Every structure is written in C-alpha cells, then in structure tokens.
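Biologist: Can you walk me through this one? I'd like the interface, the core and the charged pairs.

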Amino acid sequence: MMNARVLLVDDEPDFLEVMAERMEARGVTVIPATSAEEALQRIATERFDAVVMDFMMPGVDGLDTLRKLKEDRPELMIILLSGYATIEKSVEAIKLGALDFMEKPADIDKLIAKIKAAKA
Amino acid sequence: MDVTVADSANQQRERQFVAAVCASLSHEIKNCLAIINENAGLMGDLAMLATQGRSMDPERQRRIAQVVKKNVRRADQLVRHLNHFAHSGDVASRELDLADTIRFAVILFERTAQKTGRRLKTACGEGVMVETGPLGLLQLLWGLFSAAVAGTADEEVWVEARAAAGLAQVCIKAPDSEGTPPLLSDALFELARSLGGELKQSAAEGITLNLPLKGTGGSPA
C-alpha cells in the first residue's frame with residue numbers, strides 16, 4: 001500500500017466512479033471532483049500527493065486549469081488524461097509543469113506507477 | 001483575390017471544419033472506450049479477488065454490465081453521427097429537411113459548446129425543405145454557432161428555423177444578449193452565398209440565414 005492521496009478530476013461520473021474504485025483497490029486514497037472549479041477549491045484547502053485530471057472538460061480550458069493549479073500549488077504533481085490531444089497541447093502542458101500526459105483509455109498500472117514515482 | 005487562391009482558402013476552411021468535427025466526435029468515443037475499459041478492468045480486479053476467496057456480488061456485476069451497455073450504446077450513437085457526417089460530403093447538393101439538418105449540426109457542435117459552458121437550444125418548424133450542399137450547410141451552421149457562442153456571455157443560445165416570406169429562415173440568438181451582434185467573418189458571408197443563401201446580422205435579431213425554399217429557386221438576396 002502506498003497511501004498516496006490523489007485528487008481525481010473528470011466530468012464523466014461513470015469514469016470517475018470506476019477509476020476511483022480501482023485506484024482505491026491499489027492503495028490510493030482518491031478524492032473525486034467533477035469539475036475544474038471543484039478541483040481548484042479542493043486544492044486551496046486540502047493536501048494531495050498528486051492530481052489526475054481530464055484535460056478536456058466542459059466549461060474550461062485544460063491548459064488554463066493547469067496554469068491555475070500550478071500558480072496556487074507549484075509543487076503539485078499533475079497527471080493529465082485525455083481522449084486525444086495534439087502534440088502541441090501535450091508539449092505546452094508539460095512546459096506548464098504537468099508531470100505527464102496519458103491518453104484514455106489509460107493503463108491503470110502505469111498510472112499508479114507514475115503516482116508512486118510522484119510521491120517518492 | 002485570385003480565384004485559385006480563394007478556392008484554396010475555402011478548401012482549407014472546409015478541411016479545418018471536417019477535422020474539428022472528427023476530433024470532437026472521436027474524443028467522445030474515446031471517453032466511452034475509457035469507461036468500458038475501466039469497467040472491464042474492474043471485472044478483472046473482482047475476478048482476481050474472487051480467486052483469493054472474496055465473493056463476487058451479483059448486484060455489483062449487474063451494475064458494471066449496465067454501465068458497459070450504456071457506453072456501448074453511446075459510442076454506437078457517436079459512430080452513427082460520424083458516419084452520417086461523412087456522407088454529408090457525398091453530393092454537392094440535395095434536398096434537405098432544415099429542422100433535421102439543424103438538429104444534427106447542434107449535435108455535432110454540442111461538445112464545442114460545452115467546452116465554453118454554453119448550450120444550444122432549438123425550436124424548428126417541421127417540413128421546411130431546402131436544396132443545397134449538405135456539408136457546406138453544416139459548415140456554415142458550425143461557423144455561425146461558433147460566432148454566436150463566442151459573442152455572448154449567456155449560457156443558452158437559441159437556434160430557430162421556419163419558413164417565412166417565401167424563404168427558409170434560420171435565426172441564431174442569445175436571448176439575453178444585448179449590444180453588438182456576434183462578429184461574422186467574410187468567409188461565412190461568402191459560404192452562405194455559395195449555398196444560395198444570404199446572411200444578415202443585427203443586435204436586435206442576432207444572426208439570420210435566409211435560404212431559398214426547395215422548388216422556389218433563385219437567391220433570397
């Protein structure tokens with residue numbers, strides 16, 4: 001068990017629920033959030049080892065959210081998930097401080113390994 | 001502008017539109033696949049636990065199957081939309097039901113609207129028929145929706161269609177929006193003309209697209 005505390009952000013409730021359950025089964029404490037706004041509120045008051053966030057959610061630009069998260073908490077490890085993103089967007093996200101960019105459907109064991117590496 | 005250069009610019013805009021629609025739909029399909037993938041993974045996790053002696057809850061399995069089925073249906077619908085969209089380029093011109101075309105254009109644009117926190121609502125009179133280019137009309141509607149969404153802070157943008165004064169008329173407006181009308185590019189006016197239509201805009205009325213009704217011929221201009 002690694003005891004990492006992760007904020008999981010995705011606007012798809014079906015994805016959020018099952019992903020949280022699978023991550024919890026692998027020893028991660030998951031706090032779910034369904035919007036970027038909720039994620040920003042959470043990180044203002046709570047401590048997380050990492051944020052795993054869908055890059056494209058309704059009402060927000062993924063890069064803007066990433067920028068705000070890093071402004072508020074520069075030390076935060078952020079892993080982005082996306083159905084698809086251009087190489088340009090991925091590079092920009094990494095430049096803004098994202099730890100990694102994973103394409104959906106993601107391999108949960110690779111995701112857990114990245115979280116573990118972020119916590120180490 | 002040189003005719004060849006203008007054609008090339010139009011083709012480039014058409015390619016960009018097709019690419020944007022394909023990107024949006026494929027992104028949605030990937031979201032469905034991700035949910036199906038995670039539920040398959042969860043079944044694997046539960047099966048693994050069952051080999052270690054933990055019982056598998058039938059109700060939990062039923063719920064997993066339900067979510068998978070739901071997302072298979074959703075992905076299937078998205079592929080249907082993609083296929084329908086692909087066939088809009090089959091012919092240069094054909095008879096189109098305006099209400100059906102608008103509703104389909106709204107479906108295609110839905111995710112783009114959501115990204116900016118907007119929602120398109122439709123109120124379309126039935127049985128209004130036009131004869132024009134299907135792909136071009138979808139491209140024009142996409143461009144008009146983009147302009148309307150960008151030009152308002154309102155959450156809702158209304159798209160209405162009707163037959164009026166011997167024309168097929170599409171009106172796009174954010175009801176609570178005041179002041180300057182949305183900024184429309186010259187390319188949209190040109191595209192409307194190439195479809196036999198005419199584009200107008202005003203602060204009070206929003207965007208209006210007039211198209212000739214099928215069988216009436218001529219230009220509304």
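**Interface, core and charged pairs**

Modeller: Chain A and chain B bury about 1900 Å² between them, 49% of it on carbon and sulfur atoms. Buried area here is the accessible area (1.4 Å probe) that two parts lose on being put together, summed over both. This is a predicted model: local features need pLDDT of at least 70, side-chain atom pairs count only at pLDDT 80 or more, and totals for chains, interfaces and linings use all residues. Residues are numbered from 1 along each chain as its sequence is written, chains are lettered from A and ligands numbered from 1 in the order in which they are written, and side-chain values use heavy atoms, with hydrogens and water left out.

Biologist: How many residues of chain A and chain B are in contact?

Modeller: 22 residues of chain A are in contact with 23 residues of chain B. Contact means heavy atoms within 4.5 Å.

Biologist: And how many salt bridges between chain A and chain B?

Modeller: The count is 8. A salt bridge is a side-chain nitrogen of Lys or Arg within 4 Å of a carboxyl oxygen of Asp or Glu. One of them joins Arg26(A) to Asp45(B), at 2.9 Å from N to O.

Biologist: Which part of chain A gives the largest share of the side that touches chain B?

Modeller: Helix H1 (residues 13-25) of chain A, with 7 residues. Helices (H or I, at least four residues) are DSSP runs, numbered from the N terminus. By class, that side of chain A has 11 nonpolar, 3 polar and 8 charged residues. Nonpolar covers Ala, Val, Leu, Ile, Met, Phe, Trp, Tyr, Cys and Pro; charged covers Asp, Glu, Lys and Arg; the others, Gly among them, are polar.

Biologist: Which residues are linked with Arg26(A) in a network of salt bridges?

Modeller: Arg22(A), Asp109(A), Glu38(B) and Asp45(B).

Biologist: Switching to Asn31(B). Buried or exposed?

Modeller: Buried, at 3% relative accessible area. The cut-offs are under 20% for buried, over 50% for exposed, and partly exposed in between (1.4 Å probe, protein chains only). Asn31(B) is in helix H1 (residues 3-51) of chain B.

Biologist: What does Asn31(B) touch?

Modeller: Glu12(A), Lys104(A), Arg74(B) and Arg111(B), not counting residues up to four places away in sequence.

Biologist: What does Arg111(B) meet in a salt bridge?

Modeller: Glu28(B), at 2.5 Å from N to O. Arg111(B) lies in helix H3 (residues 98-115) of chain B and Glu28(B) in helix H1 of chain B, so the pair ties together parts 83 residues apart in sequence. Arg111(B) is buried at 10% relative accessibility, and Glu28(B) is buried at 16%.

Biologist: And Arg80(B): what does it form a salt bridge with?

Modeller: Asp76(B), with the closest N and O atoms 3.1 Å apart. Both lie in helix H2 (residues 58-87) of chain B, 4 residues apart, about one turn of the helix. Arg80(B) is exposed at 52%, while Asp76(B) is partly exposed at 38%.

Biologist: Now the largest nonpolar core. How many residues?

Modeller: 50. Such a core is a set of buried Ala, Val, Leu, Ile, Met, Phe, Trp, Tyr and Cys residues joined through side-chain atoms within 4.5 Å. Those with the most contacts inside it include Leu98(B), Ile102(B) and Phe145(B). Helix H4 (residues 134-150) of chain B gives the most to this core, 11 residues.

Biologist: What is Ile102(B) in contact with?

Modeller: Leaving aside neighbours within four places in sequence, Ile102(B) contacts Thr122(B), Cys124(B), Leu141(B), Val159(B), Ala161(B) and Val170(B).

Definitions and conventions. Helices (H or I, at least four residues) and strands (E, at least two) are DSSP runs, numbered from the N terminus.
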